[in-house]
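I opened this entry to keep track of what I looked up in the structure.

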Amino acid sequence: MKTEHPQTIRLADYQEPAFLVDSVDLVFDLEPTSTRVVCAAIYRANGDQDTLVLDGENLTLLSIALDGRTLDDSEYTVSGDTLTLTNLPDMFELVVETEIDPKGNTHLSGLYQSSGNYCTQCEAQGFRRITYFQDRPDVMTRYTVTIIADKDACPVMLSNGNLVEQSEEEDGKHLCVWEDPFPKPSYLFALVAGDLACVEDTFTTKSGKNVDLRIFVEHGNEDRCDWAMESLKASMKWDEDRFDLEYDLDLYNIVAVSDFNMGAMENKSLNVFNTKYVLAKSDTATDQDYAGVEAVIAHEYFHNWTGNRVTCRDWFQLSLKEGLTVFRDQEFSSDMRSRPTERISNVKILRAAQFPEDGGPLAHPVRPDSYIAIDNFYTATVYNKGSEVIRMMHTLLGEENFQKGMKLYFERHDGEAVTCDDFASAMMDASGIDLNQFKLWYSQAGTPEVTADWSYEREAKQFSLTLSQHLAPTPGQAGKEVMHMPIAIGLVGQDGKDLHSEVLSLKEAKQTFIFEGIAEEPVLSLNRGFSAPIRLKAPYTQDQLAFLMANDSDEFARWEAAQTYATDLLLSMIATLQKEKTITQDSRFIEALKTTLNDPALDPDYIALSLQLPTEGYLAEQMDVVDVDAIHQAREILRLFIARDLKDDLLAKFRDLRSDSPYSPDAKSAGERALKNICLAYLGELNDPAFLALITAQYHNANNMTDRMAALSILANTDVPVRAEVLENFYTRFKDDPLVVDKWLSVQAMSCLPKTLKTVKKLMKHEAFSIKNPNKVRSLIGVFCHANQLHYHAVDGNGYIFHADRILELDKINPQIAARMIAPLGKWRRFDKARQKLMKEQLKRIIATEGLSNDAYEMATKSLGK
Ligand code: TRP
Ligand code: ZN
């Protein structure tokens, strides 16, 4: 048991920093286990305080000097993770010399090694693991960085900004100096040194400035950088065109590393990326990987303005940069690809990751008001719901006013560290639109539930719609206020055309909207484009859903109607299974799918999305008490019904879309592959030797990873002899390719076949696995515990025990990763009594463990609840 409870940090306690920093001069003498860091900073009082508290974690302090005089031990206090100096003058220079151990740093926060190369990760609080500093985003300053390292081990040495000096040193070392002209918070500092290959290109900005673009990767990966480079140039161009934002330095560096806690990091002019979001070539990366690279490259690039030029005052404001930047990367992907399918994909992610968070023990507002470990708040709520909040402002203001708001935001705050309120004020002042009630989206946690009711009066040609909203209590927020939400609607006439469409502003607990002059009884299309991130309860009949599936002009709403239909159907099948009755087939739903499948007016990627049934996780979300077996079974039965009834259509579509042309990652080709492969997956349900041969042939003959992986996934879920054969073939073929090995681990961890947990345990001992590598952990343990609902929740409780064992093992190595894995145990309230007990036991075991990290303590105690 933790003897001392970790401290809770509160937004309400925010205070300005005691001192500001005029400049920082850092010198790194890089050695694997004993790197020396000298940090010389000019401090200036920011008020009348004369005490300075510096953050520092895992540092060996070698010396400290104030205005040139070395201090003795009695002149400062080091306790816990702080160093305190008192009786300070208004302005002084402080030189702190520390020693750190990059090679032994398994937290992957601060300065560490990945494949023998040095790199840093400072967001959110990693800079304090490099030197003593006020490690908080509202302390912005100019950095000059000197790097000294062995010439052979580190031919490449990088930091933020511009290279201003280079020289040879003694003992086979060399030195370089980087200067960043833009003041920045410590979390955006970066340093990279090692033996890396480089791929180069250039971009000319709209004002005619030439920017050198460089991507650094491990030797041998140079042929996998083209897509990332294309995506970077496209992002730079798009930000000029859509947001009128231009890049501000002559150099933009990206470094790809194999060991990384998250996706990527936007350090000023020196992004550090997880290899997963840089490297892509057709025989190793899937279409989804290509889309991921494009989106993350864009995301980090867009941070240069939304995050770096204007940053966060404190970490409670994290969504100021993340929500806004996710919104921007989603808009980029929508403009580059298909807007409706992009929207559908993002809503699926929101529902799969954010809604459960908002409805469970870890619920927190987009702008949280307290935390123990800030790393635990890089969540779907801050990122994805945060983006929805920006999207709603965009809907309420319109593109033109929204862009005026952005302009005003930069005019007011360029070079500053600000709050979500500052952003909202810029939007309000630029547009004249009142967002005061709307701002509750920042402070109130939970997903609002909106109930709709409507009626039509033929005589009066009047359609009336009543919407009522409800927001359930969440931890720490018992009472909730009424929210302002934009609800886009359409009144669809019998010919499929809109009789009326509008964005309604729902601002009251219960509000009725009357539409006059509606000549015929319309079908209501509600929350088009998912204009508000809510749960909707609407009394649709199957007739109306089928009508909307076929006719709604809003493609999102069409897809949504299909999802609602499928969900209702599956839930009733689940109920039937629970009563041990036989299931009868709903041919009407399958007929509607057939119409969609064969509609020549629809894009293949859209059809593919429509053919996907709601996931097991989504169905679980809709049940009061989750029944993982019935969910799995019902879904399998419906898949089989669809496969049987539509066999000929699916096969025809599959054949039609099969192509021998060389691979291209563009959205259209990717959509065709997605549809082709979903057809193949349905055919795989039939257990027909001919189709099995077709799948196996696709596995062997594929000219790209998307098709090969699609075939492998089907086989991994099918109990046939060829399964083991192709899995082995895949490993032999790709064993030297870590990102592809990750896929091999995931596809096995996802399998619905029996003994999957046993396989996962065996794979942990395989040469391919390493618990120190976050990608490996996510691919094997993460996928099993988060995505394999059926086996993770096995009633014997072995999934939970395995999970807790791994969390405890990981917590000693990398607390951020350990803590991020805990959430599935927090779903215990949703299960039957037996599982509840088993899950809670594991949470209690975690909490009772000696030496547990703050990160894991926070997630485990909150998951267990009171
Ligand atoms: N700012 C990064 C992004 O969203 C997130 C990030 C990268 C991060 N690495 C991290 C957050 C490590 C916490 C810890 O683009
Ligand atoms: Zn980000």
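I first settled what I would call a cavity: on a 1 Å grid over the protein atoms alone, a set of points where a 1.4 Å probe fits but cannot get out. For volume I took the space filled by probe spheres set on the points. I also noted that the model is predicted.

**Entry 1: second largest cavity.** I found about 40 Å³ of space in the second largest cavity. I listed its lining as Leu-526, Asn-527, Phe-530, Ile-534, Leu-536, Phe-556, Ala-557 and Glu-560. By class I got six nonpolar residues, one polar and one charged.

**Entry 2: largest cavity.** I counted three cavities of 30 Å³ or more. The largest cavity holds about 60 Å³ of space. I wrote down its lining residues: Ser-114, Ser-115, Asn-117, Tyr-118, Cys-119, Val-192, Leu-196, Glu-218, Val-255, Ala-256, Val-257 and Ser-258. Strand E11 (117–121) and strand E19 (251–257) are the elements that each give two or more residues to this lining. I sorted the lining into seven nonpolar, four polar and one charged.

**Entry 3: helix H26.** I asked how many residues of helix H26 (residues 854–864) are buried. I got eight of eleven, so I took buried to mean under 20% relative accessible area. The buried ones in H26 are Asp-855, Ala-856, Tyr-857, Glu-858, Met-859, Ala-860, Ser-863 and Leu-864. I then checked what the buried residues of H26 pack against, and found strand E23 (370–371) along with helices H23 (798–813), H24 (815–820) and H25 (833–847). After H26 comes Gly-865, and I noted its positive phi, near 75°.

**Entry 4: strand E2.** I looked up the partners of strand E2, residues 19–29. With strand E3 (residues 35–45), E2 pairs in the antiparallel sense over ten bridges. I traced one bridge from Leu-26 to its partner Cys-39 in E3. E2 and E3 form a hairpin, and I found five residues between them. Does E2 run parallel or antiparallel to strand E12 (residues 141–150)? I found the two parallel, joined by seven bridges. In that pairing I noted Asp-25 opposite Thr-144 of E12.

Conventions. Residues numbered from 1 in each chain as written. Chains lettered and ligands numbered in written order. Predicted model: local features only at pLDDT ≥ 70, side-chain atom pairs only at ≥ 80, totals over all residues. Heavy atoms only, no water. 1 Å grid on protein atoms, 1.4 Å probe; cavity = no way out; pocket = protein on both sides within 12 Å on 5 of 7 lines; lining within 4 Å. Helix = DSSP H or I, 4+ residues; strand = E, 2+ residues; numbered from the N terminus. Nonpolar A, V, L, I, M, F, W, Y, C, P; charged D, E, K, R; others polar. Buried < 20%, exposed > 50% of the residue type's maximum accessible area, 1.4 Å probe, protein only. Contact = heavy atoms within 4.5 Å. Pairing = 2+ DSSP bridges.
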